[in-house]
Amino acid sequence: MNRVYNFSAGPSVLPEDVLKKAQEEMLVYGDSGMSVMEMSHRSKAFESIIQSAEESLRRVMGIPENYKVLFLQGGASSQFAMIPLNLMKKGKIDLVLTGMWSKKARAEAEKYGKVNVVASSEDKTFNYIPELDSSKFDPDADYFYICQNNTIYGTRFPALPETGSVPLVADLSSCILSEPIDVSKYGLIFAGAQKNMGPAGLTVVIIRDDLLGFSKDFTPTMFQYDIHVKANSMYNTPPTYSIYICKLVLEWIENKIGGLEKMSEINNKKAKILYDFLDSSEMFNATVDGSSRSIMNIPFVTGNTDLDAKFVSEAANAGFVNLKGHRSVGGMRASIYNAMPTEGVEKLVEFMKDFENNNK
């Protein structure tokens, strides 16, 4: 069977070069005599893998020396609790409410202190990024929290908030590695790997040195960042195979793509192809307008639920899978992460044009 074009929001498409390399090394990795899935995380072979993954990530993202990189488990959702448990010293934070994931982060943070929602887009089902009024920012907050790209709603922050001395904490799960960022503008970055970094099971945290060592007395050991830093992400058995695939993805970005500048060019080209069609179509409409549009997740609708369902069904039969929108918003959504080839977006648009002509 031929491979389909997988537009899933996550776990998502992986680069074919990465999958082929993993296939080559599935039975025996290097001169270890075994698969990566079998080897001890304490072995020299795996220590080389995790060190190489961190070094590649530092190069690709330009991570400054005063930031630690952690390879953790528990998904991005565990970070909703880990962050306030480790960073909430005074008991108050600022947060921008832009969707389900920032809503869940707020709910966890409220267990440990006060959450000041400085702006929200809930009034329009989170289909835009609200303008921020800096006069509502608390200069004494422990941190300022955002979800930088909202997978479900197809929005992203067009610019980072200016938070001064307050550390900016950002969920980059669905946009990490999609374009260059200035890591020094953040206090902490976290991301589930299953969208742009690798398979499910791995969560990456990038944290500035001065934010370590402030966990609450009752914080579980596994939820203390400094414990994982001291153990070099080896306090317990890490998600070894997911880290290995992440290493291969980073090598693909460096060696095949040419870095994040080039990755950004490709991603913006893909997004423009789909948005240009949606903006010209008489049947399909993008649900997000203006500068809030994500280049990773593009939701769209026909305005007719029966027609939406017909489109999703026929698209799947034609090899364009996982286009059904999130259950909370309906419609369709094309997630066009790094590994989605430009050809996949071009062919999707061709199919959409044919569908429109056949269903007028």
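F300 stands opposite M332 in strand β14, and this pairing belongs to a structure that is a predicted model. The strand that faces β14 here is β12, residues 297-301, and four bridges join β12 to β14 in an antiparallel arrangement.

## The open three-stranded sheet

β12 and β14 are part of an open sheet of three strands, whose order is β11-β12-β14 and whose pairing is antiparallel. The edges of this sheet are taken by β11 (285-286) and β14 (332-335), and because each of them has a single partner strand, one side of each is left without a neighbour in the sheet.

## Strands β2, β9 and β10

Strand β10, residues 203-208, pairs with β2 in the antiparallel sense over six bridges, and β10 is also joined by five bridges to strand β9 (residues 188-192), again running antiparallel. The table lists bridge partners of residues in β10.

| Residue | Bridge partner in β10 |
|---|---|
| L70 | V205 |
| L188 | I207 |

Which way do the residues of β10 point, and are they buried or exposed? T203, V205 and I207 point one way from the strand, while V204, I206 and R208 point the other way, and all of these residues are buried. With six of its six residues buried, β10 is largely enclosed by the rest of the structure. Strand β2, residues 67-72, has five of its six residues buried, so β2 too is largely enclosed by the rest of the structure.

## Packing of helices α7 and α9

Helix α7 (residues 260-280) and helix α9 (residues 342-358) have axes that come within 9 Å and cross at roughly 5 degrees. Angles under 35 degrees count as roughly parallel, and α7 and α9 are therefore roughly parallel to each other. On the α7 side the contact is made by I266, K269, K270, I273, L274, F277 and L278, which meet T342, V345, E346, V349, M352, K353 and E356 in α9. By residue class, the contact of α7 with α9 divides into eight nonpolar, one polar and five charged residues.

## Cysteines

How many disulfides are found in a search of the whole structure? The search finds zero disulfides. C147 accordingly is in no disulfide, and the nearest cysteine sulfur to that of C147 belongs to C175, 7.7 Å away. For C246, the closest cysteine sulfur is likewise in C175, but at 15 Å, which is too far for a bond; the cut-off for a disulfide is a pair of cysteine sulfur atoms within 2.5 Å. As for accessibility, C147 is buried, with a relative accessible area of 1%, and C246 is buried with a relative accessible area of 1%.

N150 is found in strand β6, which covers residues 149-150. At 1% relative accessibility, N150 counts as buried, because the limit for a buried residue is under 20% relative accessible area. Leaving aside residues up to four places away in sequence, N150 touches T98, G99, I129, T155 and N297. One of these contacts, N297, lies in β12, which spans residues 297-301, the strand that β14 joins through four bridges.

Definitions and conventions: Residues are numbered from 1 along each chain as its sequence is written. This is a predicted model: local features need pLDDT of at least 70, side-chain atom pairs count only at pLDDT 80 or more; totals for chains, interfaces and linings use all residues. Side-chain values use heavy atoms; hydrogens and water are left out. Two strands pair if DSSP finds at least two bridges between them. Helices (H or I, at least four residues) and strands (E, at least two) are DSSP runs, numbered from the N terminus. Buried means under 20% relative accessible area, exposed over 50%, partly exposed in between (1.4 Å probe, protein chains only). Axes are lines fitted to C-alpha atoms, for helices over the stretch in contact, and angles run from 0 to 180 degrees between N-to-C directions. Angles under 35 degrees count as roughly parallel, over 145 as roughly antiparallel, 65 to 115 as roughly perpendicular and the rest as oblique. Contact means heavy atoms within 4.5 Å. Ala, Val, Leu, Ile, Met, Phe, Trp, Tyr, Cys and Pro count as nonpolar, Asp, Glu, Lys and Arg as charged, and the others, Gly among them, as polar.
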